[in-house]
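Reader: I am new to reading protein models and would like a close look at one part of this one. Please go slowly and keep the wording plain.

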Amino acid sequence: MEINLEEQFQAKIEQEIKIEPRDWMPEKYRKTLLRQISQHAHSEIVGMLPEGNWITRAPNLRRKVALLAKVQDEAGHGLYLYSAAETLGMSRDQMLEELHTGKAKYSSIFNYPTLTWADMGAIGWLVDGAAIMNQVPLCRTSYGPYARAMVRVCKEESFHQRQGYEIMLTLCKGSEAQKAMAQDALNRWWWPSIMMFGPNDDNSPNSAQSMKWKIKRFSNDELRQKFIDVTVSQTEILGLTIPDKDLKWNESRGHYDFGTINWEEFNNVVAGKGPCNKERLNARVKAWENGAWVRDAATAYAEKRANKKNNSTEAA
């Protein structure tokens, strides 16, 4: 009797059995994971840039150290995720080549400029908050290495979100100018943050299959709605106003209604036409080229240690 590998694969998915690197998997499942995990890794690495820009300009030593630690965490997240993607058969060099040539994408949110210190608060509160909504379900994603990597990522992202909200709260308790700066940051980051969840479900052709494979657990629109519902009450505590005149509680739905998202802006940013797309990509390419000597030195050292170990073993 012929064994149907796809049926066996889907049965494992339904039984919540993790798929591991050496397990059989449909080629489309592998490619879907590679696209998602590498994009996630690229987002963590590119996401260091807008925040790294403010490390030397943080208002005090405490803020400087906290921001430095956050950027360091994001480098670690990229490392975990690149490692998870490598288990699917693509090298890190290949993934980075696709990033540098523009073939691979990263989150559109990181193509916006950070104009004031309040942006560090808005990014932590809104951007990392949206990321948590997306990423907590990934701790239960069907691919084992990805799910395990996400456990630590989500713990650290939760800290980043609280750190950002505390910055916003401090500004809102300060002078009128500081609160105005916090409101301005909210105005600029609100809509890009809710775009982070991706296109509406009707325009997201891969979502249904990803949910069937349990790569994703919730649809884009479900996660976006959950984020908005949670964030409204947080905004009220801050005493700020969400820049959406159509935002209102819908008693019959049990959720907030919200305005129309500017998908033209989203598509332009994804296509490389955002405010900082070229700047971000150029910075990553420059860092890769300038770091070549470090990679070469590390490789040479590893080879030297391996040869020394082999010679010692043969002598024994």
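In which sense, left-handed or right-handed, does helix 5 cross helix 12?

Author: The model is a predicted one. In it, helix 5 passes helix 12 in a left-handed crossing. Two packed helices are described by the angle between their axes and the distance between the axes. Helix 5 covers residues 92–100, and helix 12 covers residues 277–290. The angle between helix 5 and helix 12 is about 140°, and their axes are 10 Å apart. Because of that angle, helix 5 is oblique to helix 12. On the side of helix 5, the contact is made by D93, L96, L99 and H100. On the side of helix 12, the residues are L281, R284, V285 and W288. Sorted by type, the residues of this contact are five nonpolar, one polar and two charged.

Helix 12 also holds K278. With a relative accessibility of 67%, K278 counts as exposed, because the cut-off for exposed is over 50%. K278 can be set against T231: the two are 47 residues apart in sequence, and their C-alpha atoms are 31 Å apart in space.

Helix 6 (residues 118–135) and helix 10 (residues 220–238) pack at an angle of about 145°, and the distance between their axes is 10 Å. The crossing of helix 6 and helix 10 is right-handed. By type, the residues where helix 6 meets helix 10 are eight nonpolar, five polar and one charged.

D244 sits in the loop between helix 10 and strand 1, which covers 248–250. Is D244 buried or exposed? D244 counts as buried, because its relative accessibility is 9% and the cut-off for buried is under 20%. Leaving out residues up to four places away in sequence, D244 touches W190, W191, F258 and G259. One of these, F258, is 14 residues from D244 along the chain, and the C-alpha atoms of D244 and F258 are separated by 7.0 Å.

Helix 2 (residues 27–46) and helix 7 (residues 144–172) pack at an angle of about 30°, with a distance of 13 Å between their axes. Helix 2 and helix 7 are therefore roughly parallel to each other. Their crossing is left-handed. L33, Q36, I37, H40 and E44 of helix 2 meet Y146, M150, V153 and E157 of helix 7. The residues of this contact divide into five nonpolar, two polar and two charged.

Helix 2 also contains S43. S43 is buried, because its relative accessible area is 9% and buried means under 20%. The side chain of S43 reaches the backbone oxygen of Q39 at a distance of 2.8 Å. Not counting residues up to four places away in sequence, S43 touches Y106, S107 and F110.

Key. Residues numbered from 1 in each chain as written. Predicted model: local features only at pLDDT ≥ 70, side-chain atom pairs only at ≥ 80, totals over all residues. Heavy atoms only, no water. Axes fitted to C-alpha atoms, helices over the stretch in contact; angles between N-to-C directions. Helix = DSSP H or I, 4+ residues; strand = E, 2+ residues; numbered from the N terminus. Parallel < 35°, antiparallel > 145°, perpendicular 65-115°, else oblique. Left-handed = near helix turned anticlockwise from the far one by under 90°. Contact = heavy atoms within 4.5 Å. Nonpolar A, V, L, I, M, F, W, Y, C, P; charged D, E, K, R; others polar. Buried < 20%, exposed > 50% of the residue type's maximum accessible area, 1.4 Å probe, protein only. Polar contact = N/O pair within 3.5 Å; in protein donor to acceptor, adjacent residues only side chain to side chain.
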